[in-house]
Each structure stands twice: as structure tokens, then as C-alpha cells.
Amino acid sequence: MKVLIAIPPEKFRDEELLQPVQVFQEAGVKFELVSTHVGVVMGVLGKKAKVNRTFEDVLLKGVDEYYALMIIGGPGTMVHLWNNTHLHELARIFNTKGKVVAGIDNAPIVIAKAGLLKKKEATVVPGQTVREMMIDDAIIVNKPLVYKDRIVTANGLEVSVEFAKLIVQYHDGNPEFVATQSKAGFSF
């Protein structure tokens with residue numbers, strides 16, 4: 001199973017792609033980039049990435065080979081991904097199938113606009129993004145990383161490594177499940 005990484009066609013946040021990719025490679029987790037079009041895309045800091053699939057292509061062929069959709073942020077995300085109906089549909093399909101949907105920086109807005117954060121706690125990079133999330137009924141919390149019900153939000157590039165490690169943990173199991181011990185000594 002792979003991670004499908006949604007990236008804007010320009011001005012993505014370089015660290016939010018490169019650091020998670022390194023974590024995935026070290027963990028042996030495969031990934032694939034997807035965007036509005038195929039070809040070479042450039043980040044804010046000048047790093048380049050090659051995209052071989054479009055959102056529409058993935059919608060047509062299905063999501064069975066993926067366990068997570070990770071959306072990276074940056075100025076290009078605001079312009080090209082926030083209101084992308086194909087990406088919204090992908091996020092909803094991943095969620096419906098019990099797969100992970102994750103967004104970092106300003107990308108959690110895509111998840112909110114897809115309708116997946118209504119009355120749910122989430123985090124996002126500070127600024128106009130908070131208002132955007134609240135428009136879609138997300139409950140904003142001031143934490144670097146929030147995850148529940150296989151939806152992961154992170155508030156910026158400073159936590160991109162932890163964000164990626166959490167996505168890897170979903171590959172290996174469910175980090176949301178923590179065994180607790182009852183007063184009688186039974187684990188459940």
C-alpha cells in the first residue's frame with residue numbers, strides 16, 4: 001500500500017514534500033505524487049518534483065493501492081487545491097473507505113472544504129487559514145498535530161517529520177488505538 005501525495009502544480013512548500021518523502025523512504029513506504037496535471041512542478045524554494053498522475057486519473061482508476069492521501073501546503077495549495085473538486089472527491093473517497101486523509105500547513109483547508117472536518121478538531125497554519133477552516137465548521141485547536149478518525153492535520157513545516165511518521169504509523173497499525181487498563185486489571 002502506498003501514500004498518494006497531492007501537490008499543487010506550482011509553489012508547494014518544499015520541506016513539506018522532501019522531509020515526509022525521506023521518512024517514507026526510510027520506513028520502506030511507497031508513495032506517488034498527484035496533481036492537477038502531470039509534469040515537473042516547482043516548490044517555493046526551487047526544488048522540483050515529477051508528477052505522473054492527475055486527480056482525475058486516480059478517480060477513474062480507483063484508490064485501492066493507497067492507504068493514505070497526504071496533501072502538502074504552500075502558496076500554490078491555496079490557489080490550485082483549496083477549491084479543487086476532484087481533490088475534494090478523492091478526500092471523501094479515502095475517508096469513506098477508512099483510509100487516512102492528511103493535510104499540513106494550509107492544506108487542511110482542502111479537507112475542511114471536502115466536508116470532512118465539520119464539528120471536528122483540527123489544526124492549520126495561523127493566519128487567514130483559521131477563518132477558512134471555521135467557515136467549514138472545523139474546530140481549530142492550537143496544537144502542532146491533530147489526528148482522529150484517520151484524519152490528520154498539521155500546522156506547518158516545523159512538524160513535517162512528525163506528520164510523516166504518524167502517516168507511517170497508520171501503515172503499520174492504528175496509532176489512535178491505545179490499550180488502556182481498567183481498574184480490574186483487564187486490558188481493552
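Let's start with a word we'll need: a residue is buried when its relative accessible area is under 20%, exposed when it is over 50%, and partly exposed in between (1.4 Å probe, protein chains only). What you're looking at is a predicted model, in which local features need pLDDT of at least 70 and side-chain atom pairs count only at pLDDT 80 or more, while totals for chains, interfaces and linings use all residues. Residues are numbered from 1 along each chain as its sequence is written, and side-chain values use heavy atoms, with hydrogens and water left out.

Helices (H or I, at least four residues) and strands (E, at least two) are DSSP runs, numbered from the N terminus. Take helix α4, residues 85-96. Its buried residues are Leu 87, His 88, Leu 90, Ala 91 and Phe 94. Looking down the axis of α4, you'd find them within an arc of 160°, so they line one face of the helix; that arc is taken from the directions from the helix axis to the C-beta atoms. An α-helix has 3.6 residues a turn, so residues three or four places apart point the same way. On the face turned away from the buried side of α4 sit the exposed residues Thr 85 and Thr 96.

What does the buried side of α4 pack against? The partners are β1 (2-6), α2 (55-61), β6 (66-71), β7 (100-104) and α5 (108-113). Now have a look at His 86, which also belongs to α4. At 30% relative accessibility, His 86 counts as partly exposed. Setting aside neighbours within four places in sequence, His 86 is in contact (heavy atoms within 4.5 Å) with Phe 55, Glu 56 and Leu 59. The backbone nitrogen of His 86 also lies 3.0 Å from a side-chain oxygen of Asn 84, which caps the N-terminal end of α4. Just past the other end, Gly 98 has a positive phi of about 75°.

Next, move to helix α1, residues 14-27. From first C-alpha to last, α1 reaches 20 Å, close to the 20 Å expected for 14 residues at 1.5 Å a residue; the expected span is 1.5 Å times one less than the number of residues. Among the buried residues of α1 are Leu 17, Val 21 and Phe 24. The cover over the buried residues of α1 includes β1, β2 (30-35), β4 (48-51), β6, β7 and α7 (160-172). Just after α1, Gly 28 takes a positive phi of about 75°.

Technical notes
A polar contact is a pair of N or O atoms within 3.5 Å; within protein, one must be able to donate a hydrogen and the other to accept it, and residues adjacent in sequence count only if both atoms are side-chain atoms.
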